[in-house]
Amino acid sequence: FYIEESERGGKSLRSRKVGNTQVSTLHFLHGVVFEASGLLFRRRIPAIFVPVVTWRSSVGIGRPPKTVKDKRGWYKAQAMEQCRLRGILVKNNDAAEAACMAVHLLGILNLQARIGQLL
């Protein structure tokens, strides 16, 4: 994303590229998550926020080799491969990542059910 810096109202702002995401897109996505969280809370639906490294590691997707330039593409290809290995039919890379997140969450729920049986 870009951070804009210029002389406006006594504040100094400069423009520089940080990553590949526009700041406005990032703020929009944060807003969507905030609104969705509020809606789920009002409906008494528990929300689970899982860091990307957590679900990727739990389904067997590690880190890309240092020689890989397109890390995003590598992660998506690995998600497709994990779905193929599990017999999950998906149409595209994004669906594969969603299926891997679902596998991770089902694993968490099953673990919580087993712990509940022990109590």
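**The nonpolar core and its cysteines**

Modeller: The largest nonpolar core has eleven residues, namely Trp55, Val59, Ile61, Val68, Trp74, Tyr75, Ala79, Cys83, Ala96, Ala99 and Cys100, where a nonpolar core is a set of buried Ala, Val, Leu, Ile, Met, Phe, Trp, Tyr and Cys residues joined through side-chain atoms within 4.5 Å. Buried means under 20% relative accessible area, exposed over 50%, and partly exposed in between, with a 1.4 Å probe and protein chains only. This is a predicted model, in which local features need pLDDT of at least 70 and side-chain atom pairs count only at pLDDT 80 or more, while totals for chains, interfaces and linings use all residues. Residues are numbered from 1 along each chain as its sequence is written, and side-chain values use heavy atoms, with hydrogens and water left out.

The elements that give two or more residues to this core are α3 (71-86) and α4 (93-118), helices being DSSP runs of H or I with at least four residues, numbered from the N terminus. Of the elements, α3 gives the most to this core, with four residues.

As for the cysteines, Cys83 is buried at a relative accessible area of 1%, and Cys100 also counts as buried, at 2% relative accessibility. A disulfide is a pair of cysteine sulfur atoms within 2.5 Å, and by this rule the count comes to zero. The sulfur of Cys83 has its closest cysteine sulfur in Cys100, and because the two are 4.1 Å apart, they are too far for a bond. Cys100 is accordingly in no disulfide, with the sulfur of Cys83 as its nearest cysteine sulfur.
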